[in-house]
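Here is a quick briefing to read with the model open beside you. We'll go through strands, core, and charges in that order.

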Amino acid sequence: LGDGRVGCYLVMFGGPRDSQGEYFRSDVECDLDWYGGEKRPILYHHGLEDEDIIEEIGFTNAIRRDAKGLWAEGRLNMTDPRAKQIYNDVRVGKIGWSSGSAPHLSKVDGDQAIYEWAIVEGSLTPTPAAGKRTTVQALKFNYSKTFTEPSKVTTPTAKEHSAKAPTVVKESNSTVSRKGGNLTLSKPRTI
């Protein structure tokens, strides 16, 4: 451990409902083929701490669908002091995955089931909408290359989900742009 590798379910299918009252259908379209593959920026808390400049702290290198959801792995930039601190929080179980999309790239049906969710980024956050079901783990090796079914990896059950869910305000008119090496995302839609 210590090289910045992280992994867990970025998206969990079915219930229980998240803090927004929504859940992902098992056939949700996440547009994983966009951007030339599975690579997405890893942000801290969807960049909601400083909306002027959002810096990547790493990138995903694998996103795999199985019966439980979308398993994601990535590597943090361990030359960045902030990423190192976040990785330390990952190692002690304080951080979860949360996927980010934009309002015009996501669709929810009348039952509040998400059926379209173009994943723009994966965030490491102390308050994921899915709670402890998405607690990120520090990885010793790349699970996605070793196992065909990441669902064999132990993750917390819904009963173990006792963390207080965050309040996330959904906004419209989200925009994503890149300035130099920084990703700028205003008013993200997060789950």
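Two strands pair if DSSP finds at least two bridges between them, and strands (E, at least two residues) and helices (H or I, at least four) are DSSP runs numbered from the N terminus. With that in hand, Arg65 has Leu70 in S5 as its bridge partner.

Bear in mind that this is a predicted model, where local features need pLDDT of at least 70, side-chain atom pairs count only at pLDDT 80 or more, and totals for chains, interfaces and linings use all residues. Residues are numbered from 1 along each chain as its sequence is written, and side-chain values use heavy atoms, with hydrogens and water left out.

**Strands around S5**

- S5 pairs with S4 in the antiparallel sense, over seven bridges.
- S4 and S5 make a hairpin, with three residues between them.
- Along that pairing, Ala62 has Glu73 in S5 as its bridge partner.
- S1 also runs antiparallel to S5, and seven bridges join the two.
- How covered is S5? Seven of its eight residues are buried, so mostly covered (buried means under 20% relative accessible area, exposed over 50%, partly exposed in between, with a 1.4 Å probe and protein chains only).
- As background, side chains in a regular strand alternate between the two faces of the sheet.

**The nonpolar core**

- The largest nonpolar core has 31 residues; such a core is a set of buried Ala, Val, Leu, Ile, Met, Phe, Trp, Tyr and Cys residues joined through side-chain atoms within 4.5 Å.
- Which members touch the most others? They are Ile57, Leu70, Leu76, Trp97, Ile119 and Leu124.
- Two or more residues of this core come from each of S1, S2, strand S3 (41-44), S5, helix H1 (81-91) and S8.
- S1 gives the largest share of this core, with six residues.
- Leu76 sits in strand S5 and is buried, at 3% relative accessible area.
- Leaving aside neighbours within four places in sequence, Leu76 is in contact (heavy atoms within 4.5 Å) with residues including Ile42, Ile57, Ala83, Tyr87 and Leu124.
- Asp3 is also on the contact list of Leu76; the C-alpha atoms of these two are separated by 8.0 Å, although they are 73 residues apart along the chain.
- Ile119, with neighbours within four places again left aside, has contacts including Leu10, Val11, Cys30, Leu32 and Leu70.

**Salt bridges**

- Side chains of opposite charge can pair when their charged atoms come close.
- A search of the whole structure finds six salt bridges, each being a side-chain nitrogen of Lys or Arg within 4 Å of a carboxyl oxygen of Asp or Glu.
- One of them joins Arg75 and Asp3 at 2.9 Å, N to O. Arg75 lies in strand S5 (residues 69-76) and Asp3 in the segment before strand S1 (5-12), so the pair ties together parts that are 72 residues apart in sequence.
- Both partners are partly exposed, Arg75 at 35% relative accessibility and Asp3 at 33%.
- Asp3 and Arg75 are linked with Arg5 in a network of salt bridges.
- Arg25 meets Asp27 in a salt bridge, also with 2.9 Å from N to O.
- Arg25 forms another salt bridge with Asp109, with the closest N and O atoms 3.7 Å apart. Asp109 lies in the loop between strand S7 (106-108) and strand S8 (113-117) and Arg25 in strand S2 (residues 23-29), so this pair ties together parts that are 84 residues apart in sequence.
- Arg25 is partly exposed at 29% relative accessibility, and Asp109 is partly exposed at 25%.

**A buried Asp without a salt bridge**

- Where is Asp66? It is in the loop between strand S4 (58-65) and S5.
- Asp66 is buried but has no salt bridge, and the nearest side chain of opposite charge, Lys68, is 6.9 Å away. For charge, Lys and Arg count as positive and Asp and Glu as negative, while His and the chain ends are not counted.
- What does the side chain of Asp66 reach instead? A polar contact of 2.6 Å joins it to the side chain of Tyr9, and the backbone nitrogen of Lys68 is reached at 2.9 Å.
- A polar contact is a pair of N or O atoms within 3.5 Å; within protein, one must be able to donate a hydrogen and the other to accept it, and residues adjacent in sequence count only if both atoms are side-chain atoms.
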